[in-house]
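Work through the exercises below with the model open beside the text. Each task is followed by a solution that goes step by step.

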Amino acid sequence: MMEKTIALAGNPNTGKSTLFNTLTGLSQHTGNWAGKTVTMAAGHFEYQGQAYRIIDLPGTYSLYSNSTDEEVARNYIILEQPDVTVVVLDATSLERNLNLALQVMEMTNRVVLCINLIDEAMRLGVRIDVAKLQERLGVPVATISARKKIGIDGLLEKVGQVASGQLIPEPAPIVYSREIEEKIKVLEPHVVRLLGNRFPPRWVALRLLDGDTDLISTLKSPASAPAAEAREVMQLGNASCH
């Protein structure tokens, strides 16, 4: 059976690397991302007969490419398109952590939210309504304690369902101001025409409206979009900003 790829994303100090170590044990290695000083960790594990390769992305607070860590995490999700991106959240600081989760959900629908430190939340009297979160966000949610190895099977069940296509999440769209939404509508068809479905058109449009030139440089690479196409999309985005 073909190996599936999982990306682990999350804010620093959410227990993301603890979960990575719990899943992979000794079947892991570290190295540098190509051309970057950022360290990557990759590992392998099996669950219910399915082999997985798991990548521990750098811990970040956002994916807007304001730092090398953010750029590496963003580019891996958008270019490598893992079978599942697991976003690890801190149960004791859920509202703050959801910012990154929402950004990932704009990039891909193959998302599972993993709420870690559930034991700490319970100790503090924090109750998390998993069913309501799943309903509001449109993606599967699992609660775990990576350190105590609680809830791991439940998480991997959801990961397996998304990876196999048995479950297709439908992330709730983030609605922006009317002005921004109108600009997105102008850009989206051009993005689709020029880039096809290689990248989420709404997300590309938003990044263009942000003036994200680093993204455009990435899209110019032969592995993604021809330079002329990328330039045309950028011009469209700049025109819509004025």
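## Pockets, a cavity and helix packing

In this predicted model, the helices α2 (68-80), α3 and α8 each supply at least two residues of the lining of the largest pocket.

**Exercise 1.** Describe the largest pocket by its volume, the residues closest to its centre and the classes of its lining.

*Solution.* Begin with the volume, which is about 370 Å³. Next, take the 20 lining residues, of which Glu106, Met107, Thr108, Asn109 and Pro200 are the closest to the centre of the pocket. Then assign the lining to its elements, where the largest share, 4 residues, comes from α3. Finally, sort the lining by class, which gives 12 nonpolar, 4 polar and 4 charged residues.

**Exercise 2.** State the volume of the second largest pocket and find which residues line it.

*Solution.* The volume of the second largest pocket is about 220 Å³.

**Exercise 3.** How many cavities of 30 Å³ or more does the structure hold, and which residues line the largest cavity?

*Solution.* The structure holds 1 cavity of 30 Å³ or more, and the space in the largest cavity is about 40 Å³. Leu63, Tyr64, Gln103, Glu106, Met107, Trp203 and Arg207 form the lining of this cavity. Assigning the lining to helices shows that α3 (94-107) and α8 (201-209) each supply at least two residues, with the largest share, 3 residues, coming from α3. By class, the lining of the largest cavity has 4 nonpolar, 1 polar and 2 charged residues.

**Exercise 4.** Classify the packing of α1 against α6, and identify the residues that make the contact.

*Solution.* The axes of α1 (residues 16-24) and α6 (residues 152-164) come within 12 Å and cross at roughly 85°. Angles of 65 to 115 degrees count as roughly perpendicular, and α1 and α6 are therefore roughly perpendicular to each other. The contact is made by Leu19, Thr22 and Leu23 of α1 together with Ile152, Leu155 and Leu156 of α6. By class, this contact has 5 nonpolar, 1 polar and no charged residues.

**Exercise 5.** Give the angle, the axis separation and the handedness for the packing of α7 with α8.

*Solution.* Helix α7 (residues 178-195) packs with α8 at an angle of about 120°, and their axes are 8 Å apart. The crossing of α7 and α8 is right-handed. Residues of α7 including Ile184, Leu187 and Val191 meet residues of α8, among them Val204, Ala205 and Leu208. By class, the contact of α7 with α8 has 12 nonpolar, no polar and 4 charged residues.

Definitions and conventions. Residues are numbered from 1 along each chain as its sequence is written. This is a predicted model: local features need pLDDT of at least 70, side-chain atom pairs count only at pLDDT 80 or more; totals for chains, interfaces and linings use all residues. Side-chain values use heavy atoms; hydrogens and water are left out. On a 1 Å grid over the protein atoms alone, a cavity is a set of points where a 1.4 Å probe fits but cannot get out, and a pocket is an open set with protein on both sides within 12 Å along at least five of seven lines; lining residues have an atom within 4 Å of a point. Grid points are joined across faces, edges and corners, and a volume is the space filled by probe spheres set on the points. Ala, Val, Leu, Ile, Met, Phe, Trp, Tyr, Cys and Pro count as nonpolar, Asp, Glu, Lys and Arg as charged, and the others, Gly among them, as polar. Axes are lines fitted to C-alpha atoms, for helices over the stretch in contact, and angles run from 0 to 180 degrees between N-to-C directions. Angles under 35 degrees count as roughly parallel, over 145 as roughly antiparallel, 65 to 115 as roughly perpendicular and the rest as oblique. Contact means heavy atoms within 4.5 Å. A crossing is left-handed if the near helix is turned anticlockwise from the far one by less than a right angle, and right-handed if clockwise.
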